[in-house]
Structures are given as C-alpha cells and as structure tokens.
Amino acid sequence: MAHPSSQPSGNALSAAFIVLAVPLIGAGFLRQFLLAEDWRLVLGLLALFAVVLVVLERLPALETRIETAFARQSRLALLVGIVVVLGFPFALGGNTYALHLCVISMLYAVLALALNFQLGSANIPNFATGASYGIGAYASALLALNFGVSFWLALPAAAVVATIFGFLLGIPSMRTRDSYLALVTIAFGVVVHQLLNNLEFTGGPNGLVGIPVPELFGHAFSDPLVIFGQSLPPQANFYYLSALLVFISIVFAERLHDSRVGLAWNALRADELAARCQGINVTWYKVLAFAVDAFLAGFAGTIYAFYVGFISPDNFTFLVSVTIMTMVIAGGMDNILGVIVGAFLLTLLPEKLRAFSDYRILFFGVTVILFLMIRPQGLFPQRLRRYGD
Amino acid sequence: MGISSSAPLVLEGENLTMRFGGLVAMAEVAFTLKRGEILGIIGPNGAGKSTLLNIITGIYVPSSGEVRLEGQRLNGVPAHKIVARGIARTFQSSRLFADLSVLDNVVIGRHTHTKAGVFDAIFRRRRAKAELDAAAAHAEDLLKSVSRGLYAQRHRPAGELAQADRRRLEIARALATDPKVLLLDEPSSGMDDADTDALMDDIRAVCAQRPDLALMIIEHDMRLVASLPHRVMVLDYGQKLADGPYEEIRKIPRVQEAYLGRKATQHAGA
Amino acid sequence: MSELFFQQVVNWITLGSIYALIAVGFSLLFGVLNIIHFSHGDVSLLAPFFALSVISALGSVMGQAGSLPVLLLGLAVAIAVTGAVGVLLDLVVIQRFRKAPAMMALVATVALGIVLRELIRHLFPNGSNPHAFPRLVDGDITLAGYSVPLFSLAVVAVSTLSVGALFFMLNNTRLGLHIKAVSQDRDAARLMAISPGRIFRATFFVASAIGAVGGLFFSSYAGMARFDFSIDVGLIGFSAAVVGGLGSMPGAIIGSLMIAGLDTLVQAVVPNGASYRLVFVFLLVICVLVFRPSGLLGRTLVEKV
C-alpha cells in the first residue's frame with residue numbers, strides 16, 4: 001500500500017495486490033479489535049483506524065488508486081471478500097463472544113443499510129427502523145411458535161409482513177414532510193412498541209420465548225459447526241447466515257444505488273420540487289424507500305429472533321432506531337462501506353470498552369451531535385457515480 | 001426569423017385564474033404557443049409570471065380556467081406526469097441537484113424515458129444497467145451539444161459550477177426530458193451582460209437544433225426580450241396587458257408605464 | 001353530571017394545561033427558528049430535577065421550618081435555570097444548524113434530547129430511579145357541589161396566566177414585536193437593526209422557562225420526577241403542537257386539550273386503557289397529519305418557486 005501514487009495505475013498486478021491486501025488487513029484489524037481484552041489496546045487500535053482514515057483523506061490519489069483497483073478487479077475482490085468472510089471464524093480461535101459480536105454487528109449492518117435507503121439516499125428521517133426490525137422478529141417468531149413454520153419459511157414471510165407495514169408507514173409520507181414525517185415515524189415506532197408490550201398474543205412485556213432453533217439439512221444451528229474437521233462454536237451457524245444476509249443487502253444496496261431508483265432518491269433528497277419537475281413521482285419513491293427499508297429490517301429481525309431464541313418489546317424501542325441512525329450518520333450517508341463500518345464500530349465500541357457500556361446511549365447521542373456538527377458527511381463521504389465501467 | 005402562422009398550437013391557456021386565499025395572483029389570462037415559437041413573458045415582480053409557469057407545470061392547480069397541451073387538458077395532472085407529456089422547465093433560482101455530478105443531473109432528466117424499477121435494478125441488473133448507460137450516453141451527447149465547457153465538467157458536483165453553467169445545466173437537464181415545450185424562468189438572472197450574451201447564443205443554438213421546440217421565457221433583461229422571442233406577452237397585476245411582437249408592444253403606453261418605464265426609472269435610480 | 005365524570009373533566013383540563021405549557025414552547029420555537037427543537041420536552045423536564053436539587057440543598061441548611069419558602073425558591077430557581085439551559089443548548093448546538101437542512105437539525109435535537117436524559121440518569125444521584133416530587137398545592141375546594149383539587153385549579157390558573165403573559169408579550173412588547181419580526185423575515189429584521197441572535201436566545205429562554213413550569217407541574221401531578229418522563233411528555237407536547245399546527249399558539253393549546261382529552265377518555269373508557277393511551281394518542285397524531293398535513297390551525301405553506 002506504500003506505493004507512490006504517481007505510478008501509472010494501469011498495472012494489473014499491483015491492482016490485484018491491493019485487492020488482496022486491503023480485505024486481509026481489514027480482517028486482521030477486526031480480529032485484533034474483537035479479541036482485544038485491554039482497553040488500552042482497544043483505544044490504540046481505534047487511534048490506528050483514525051490515522052488510516054486521515055491518511056486516506058489527505059492522499060486522495062491513494063484512495064482513488066485503491067478504488068480503481070477494486071473496480072478493475074471486481075471479480076477477484078468478490079472472491080477475496082468471500083474467502084475472508086468464510087475464513088474469519090477460524091481466525092477467532094473458538095472465541096464465542098467475538099463470534100457473537102460479529103453476528104450482532106452484521107445484523108446492525110443490515111439494519112443500517114436498510115435505513116440508508118431512506119436517510120442516506122433520500123434524506124427521509126425514519127425513526128421506525130427499529131419497529132420494522134421488531135415486526136420482522138415478532139412475525140417470524142409467532143409463525144414458528146403458533147404454526148410450527150420453519151425458519152426458512154418464516155424468514156421470507158416475516159420480510160413480507162414487515163414490508164406491508166413499511167408501505168403502511170410510508171402512506172403518510174405522501175402528504176407530510178420533514179419534521180411532520182419524522183413525528184409520524186416516531187409515533188409509529190411508539191405505537192408498535194406499545195402494542196407489542198400490551199397485546200396478549202405477543203406475550204406482553206415478557207415477549208416470546210422458546211423460539212425453535214433453525215435447522216438445515218438435519219444440522220441444528222445450536223450444534224457446533226464442523227468444517228474440514230475443524231469445529232466452530234454454534235454461533236458460527238448464525239455468523240454465516242448473517243454474513244449471507246449482509247452480502248444480499250450489499251448487493252441490493254449497490255444495485256439500487258447505481259440504478260434509476262437510486263438516482264431518483266438522490267434527486268428528491270437534493271430538491272424535492274426540482275425532482276418532481278424532472279418527472280419523478282416523489283411520493284411513490286418515498287413510499288418505496290420505506291418498503292425497502294422494512295423489507296431488509298424484517299430479515300434482520302427474523303435472524304435475531306431465531307438467534308437469541310427469545311424476544312421482548314424492549315429489543316425494538318425508539319432507542320434502537322436512534323442507534324441505527326447513529327451508525328448511518330457516523331459511517332457516512334449514502335456510502336455502503338461507510339454504513340457497514342459505522343455499524344461495526346458502534347456495535348463493538350461499547351462492548352469492548354466495558355467501563356463505557358453503561359454510557360452507551362449517551363455515547364450514541366453525543367456521537368450523532370458531534371458528527372452532524374463537525375463532519376456531517378460521516379467517516380466515508382458519499383461518492384459520485386460512474387457510468388459504463 | 002418569424003414563425004409560420006400555419007404552425008400548429010402546442011400549448012394554450014384559457015381564462016387562467018389563480019387565487020391564494022383572498023389574493024388573486026392571476027386573473028383570466030389566456031395565451032397560445034405555437035410549435036417552434038419563442039414567447040417572451042415580461043412584467044414587474046409579482047405580476048404573475050412565475051405563477052403562470054407553476055400552473056402550466058402542475059405545481060399549482062388553477063382556481064379556474066384550463067391549460068391544454070396539444071388539445072389535452074392538463075388541469076389536475078400531477079407535475080411529474082406533465083413532464084412525461086412534454087413540458088419541461090427551469091427555475092428562477094436554479095434548483096440543481098447540487099451534490100450529484102453534472103452528468104447525474106442530466107441523467108435524472110431522462111427519468112421519464114427510462115423504466116427500471118426496484119425489481120429490475122436488483123434482479124435484472126444487466127437490463128437496468130444497459131438502460132441507464134444508454135441514458136448516460138444520451139446525457140453526454142446532450143451536454144456536448146448545449147455547451148462544450150459544461151461537458152468538460154460533467155464529473156464535477158453540480159453545486160460547484162459557476163452561475164452561467166448552472167443555467168446551462170438546468171437547460172440541458174430540462175432538454176433531457178425531450179420536451180415539446182420548454183419553460184425558462186429568468187434564465188439571465190444574476191448574470192452579467194457577457195454571460196447573458198453567451199447564454200442567448202446557447203439558447204439560439206438549442207432552438208436551431210430543435211425546430212419544433214416551443215419556448216416560453218420569463219425575462220427581465222430587455223436586450224434578451226428584444227432579440228430572442230418571436231412574440232412577447234406582458235403581465236401586470238396578474239392580468240394580460242399586451243401580447244405581440246416586441247416592436248409593437250413596446251409602443252403601447254400602458255406597457256411602457258407598467259413595465260418598461262418602471263424598469264427604466266429603476267435603472268435611473270440604481 | 002356524575003361525580004366520576006366531573007373528576008374526569010377536571011383531570012382532562014389539568015393534563016391539557018400541563019401539555020399546553022410544553023406545546024406552546026415547541027410552537028414558539030418553530031415559529032421563530034423554523035426548525036424543530038425536538039429536545040424541548042427534555043429541557044422542560046429537567047426542571048423538576050433542578051427543583052429537587054435546590055430543595056434538598058436548601059432544606060439541609062434551613063430545615064423543616066423554611067419548607068414553603070424553600071419550595072418556592074426551588075421552583076423559581078428551576079424555572080430560571082431551565083430557561084438558561086435552553087439558551088445554552090442554542091449557543092452550543094442548535095445555532096449551528098440554522099442554515100442546515102431541516103433533517104439535520106431534527107436528528108441533532110433528537111440526539112440532544114437523549115443526551116439530556118442520559119445526563120440526568122448518570123449525574124443526578126440515583127438518577128435511574130424515580131424521585132418523589134411534592135404536590136405543590138394540597139387540599140380540595142367545593143365548587144357547585146363538586147370537590148375540585150386545589151392543585152388542578154392552580155395548574156389551570158398558572159397555565160392560563162403564563163400563556164396569557166406570553167400572548168401579551170408577543171403582541172404588546174418590543175421584544176414580542178422583534179420576535180415576530182424575526183420569525184417572519186430574518187433578513188428584513190436584521191436590516192431593522194434587530195439582532196436575530198439575541199431574539200433567538202430570548203425565545204429559547206422564554207420557551208424553556210414556560211416548558212419548565214409545565215415540567216414541574218407534570219412531576220407534581222405524577223408525584224415523582226423520572227429521567228424518562230420526557231420521552232412521553234416531550235413527544236406528547238410536540239404532538240400537540242404539530243396537531244394544532246406548528247407556529248400557531250392557539251393551535252398548540254387546542255392540540256394539547258385534544259390529546260389530553262383523548263388520553264383521559266381512553267383511560268376512562270377502554271379496558272386496560274392506561275397501557276394503550278399512547279397508542280390512541282399517536283394514532284390521532286398520524287390521522288391528523290395525514291388529513292391535515294400542516295395541523296389544524298397551521299398555515300398551509302405554498303412553496304415559493
């Protein structure tokens with residue numbers, strides 16, 4: 001990575017090297033971070049991360065070079081990415097807590113990507129992603145508990161239910177904007193939470209317990225996962241499942257961002273009236289953003305419910321929505337990589353800095369305010385699109 | 001260059017009245033626009049010029065009266081569908097998508113000529129991408145034809161452009177919708193004489209390439225009004241004061257008093 | 001009129017008055033700043049904690065003997081300090097978002113509310129637990145054969161006085177005229193030698209102080225101060241302002257009475273209504289917004305193009 005950036009960037013070999021090195025370094029960094037016990041080490045790693053970010057920002061040529069390398073070698077990049085993600089659990093040395101944190105981080109990454117469609121692409125402040133997450137979790141859990149529906153069927157079913165609610169939530173957006181719309185989403189979140197908390201069939205404040213463990217081809221997800229004679233803790237099952245969901249979410253996010261739909265969202269973010277005057281049906285695209293958000297959040301909710309085995313209304317409060325929003329804002333609105341980094345960082349930090357975990361909510365609040373005041377574009381600012389390559 | 005009197009009507013307005021609460025912003029205004037014609041609209045601030053544009057583009061629904069595009073009634077048609085039918089516009093205070101690239105701005109103008117939805121974008125990526133790449137190619141051609149200088153800046157964020165280039169981009173973005181009628185709201189506002197001249201040349205070139213395109217231009221700059229439009233309509237207090245070739249309307253005393261004169265005194269005072 | 005029904009009406013008016021004290025602040029701030037100060041509810045509900053601190057500090061010095069003066073002094077200090085906190089938040093955070101997109105100010109003030117709540121939880125001794133808060137006025141009075149709590153009368157009287165004073169201030173004083181000028185056209189006001197910054201600070205102080213009165217009454221009504229009261233009360237106050245139409249003071253009052261009415265009605269009529277009250281309240285909010293997007297008395301804004 002220390003190549004001088006004045007070199008011609010057409011060199012396929014150096015591109016391949018970059019594509020190989022960056023994910024490995026990233027994974028190595030994440031491993032150290034996950035396994036770090038001492039808070040000083042955690043802070044040190046954090047400082048290192050900050051230095052890398054600053055260097056990348058100061059040297060736009062280096063950044064462009066890395067970017068072009070990934071664009072050129074996109075197949076190789078995909079392959080390296082898959083190998084790194086598949087191999088990562090083996091590098092954690094059977095540390096179940098680290099694996100657990102990975103699973104949670106990845107679920108939050110999916111939620112942050114979901115919210116990014118609205119907050120990032122279309123600038124719609126939706127404070128109800130946590131509610132959609134909860135609707136997904138409850139829908140699948142209820143299907144499994146009451147009708148014996150298997151996880152694999154409950155997963156898409158719950159996503160559909162969440163999407164329907166997303167559409168419903170989107171309907172007021174046809175008439176309301178900005179603060180008014182934000183209030184509608186907050187109100188929706190509170191209504192969902194209160195209903196879950198009070199209705200009989202959702203188990204009230206105690207929630208739902210005994211959600212069955214998913215199975216795949218006779219392999220229960222509560223059993224250790226044996227691959228190539230190597231045994232991984234049971235959490236690895238869910239690690240791979242969530243990784244797959246993250247992958248799908250990234251594909252969704254990328255394809256939508258680079259499509260006519262993503263452009264329309266960006267247009268209405270910049271200037272709603274001008275967007276209408278280019279022929280964009282602003283209302284429809286807003287509702288669509290709500291639906292896509294709820295769809296992905298529904299998936300994440302299902303995996304969470306089956307992973308943890310019990311859910312209660314308090315897993316899906318307004319604060320969860322704010323947490324997801326913090327991840328999107330800190331990571332970088334409308335930047336897929338940024339949003340994922342934001343999700344990992346903000347999930348892991350409070351866990352790794354134990355003394356600090358009591359102040360987790362305070363930390364999220366302060367983070368949002370500071371980012372909005374000092375660096376509203378987030379850690380990774382949005383990028384201009386490219387065509388034809 | 002005159003406009004043939006046999007050219008068919010593209011756009012017409014009849015008895016257009018717009019009330020906001022008790023305020024009458026426009027009363028009984030009628031207008032016509034022929035294919036290939038350039039119609040200038042002048043009048044003091046608050047005369048209802050922008051209101052007229054907003055009515056035509058569906059941002060306001062007129063309290064009474066009717067707008068017809070090629071004989072089809074537009075009242076109540078939502079703004080985004082009016083664009084698809086062939087009316088595009090620019091804004092007085094250029095409203096670009098500032099954080100998107102110049103090229104993206106024009107590609108968004110192709111929205112009504114592309115179709116890919118969420119499903120296509122995700123599951124039929126090849127098709128969606130081909131469609132968008134074609135739109136981008138079209139947009140590049142359009143940028144080239146409107147202004148070389150703008151084309152050279154196509155990968156910059158639109159917000160970084162200079163004032164004159166913003167206007168050009170807005171025009172290019174509007175043209176990307178393949179309009180039959182293009183409405184320009186004070187294209188020269190905030191620009192000096194040299195920039196205005198260059199813009200006028202660009203607008204002429206655009207019209208020369210598209211002989212069928214009808215234009216409506218709201219303007220304050222008298223040099224532009226005197227030379228560009230075939231015909232000028234004067235609005236004052238929401239009413240039509242005059243309608244005819246510039247050489248004729250400038251002789252009407254009430255027009256001089258209502259607009260030209262006032263403008264002249266403003267100049268004298270400034 | 002049955003005794004029970006009458007009690008419910010008294011309850012409704014009392015609650016409505018408390019909500020109105022908070023809602024007018026939301027509306028006033030929106031009218032002047034054109035942004036939502038989402039944490040206004042959280043600021044307002046800081047007041048009971050300030051009051052408790054003062055009362056316990058003074059109480060240990062002066063003992064039981066000075067209980068009434070201590071209480072009054074505590075309330076006064078709480079109102080003033082809360083007003084100052086509002087100004088401080090503007091200086092430190094909110095003023096940075098004057099020119100930013102509405103969404104940013106909104107998200108920032110939502111976060112600000114969370115920060116305030118968490119600060120109480122962590123900094124106030126035993127902040128996570130409820131703290132008993134004194135009933136400010138005790139006893140009942142018999143009116144036309146019904147017994148009315150003096151507390152309710154006090155709430156209604158003080159609310160009417162405060163909101164009336166606010167109206168008077170806005171319509172008849174120099175400051176009020178300046179506030180109106182700034183809210184209508186910031187730049188024109190600047191040309192008239194009115195400093196918008198000063199007006200913003202004055203508005204923050206007034207709105208936060210009136211909110212503080214509402215916060216003190218709410219804690220007194222509930223008999224305790226809790227760090228998380230502001231979630232419900234703040235949201236309800238904001239909702240009331242939105243339902244009435246942001247920027248409209250009479251709207252804020254009508255909205256408060258509507259929401260308090262629904263709140264009381266649900267608790268009285270629906271089985272297990274206490275748990276469902278927020279569901280009904282927010283469904284009302286959503287319905288009003290869907291059918292009247294700028295609230296009942298809000299100006300329908302025609303966007304200038």
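I began with the contact between chains A and B, to which chain A gives 26 residues and chain B gives 34 residues; two residues are in contact if their C-beta atoms, placed from the backbone, lie within 7 Å. The model is predicted, so to speak of local features takes pLDDT of at least 70 and side-chain atom pairs count only at pLDDT 80 or more, while totals for chains, interfaces and linings use all residues. Residues are numbered from 1 along each chain as its sequence is written, and chains are lettered from A and ligands numbered from 1 in the order written.

I then looked up the side of chain A that touches chain B. Two or more residues each come from α9 (235-257), α10 (260-270), α11 (272-276) and α12 (282-308) of chain A; helices (H or I, at least four residues) and strands (E, at least two) are DSSP runs, numbered from the N terminus. The largest share, 7 residues, is from α10(A).

Next I traced the open sheet of chain B, which has 6 strands in the order β6-β7-β8-β3-β9-β10 with mixed pairing; two strands pair if DSSP finds at least two bridges between them. β6 (87-89) and β10 (239-244) of chain B are at the edges with a single partner strand each, so one side of each has no neighbour in the sheet. Within the sheet, β3 (38-42) and β8 (214-218) of chain B run parallel, joined by 4 bridges, and B:G40 stands opposite B:I217.

Last, I checked chain C. Its strands β2 (140-143) and β3 (146-149) run antiparallel, with 4 bridges, and C:D140 stands opposite C:P149. They form a hairpin with 2 residues between them, where C:A144 has a positive phi of about 50 degrees.
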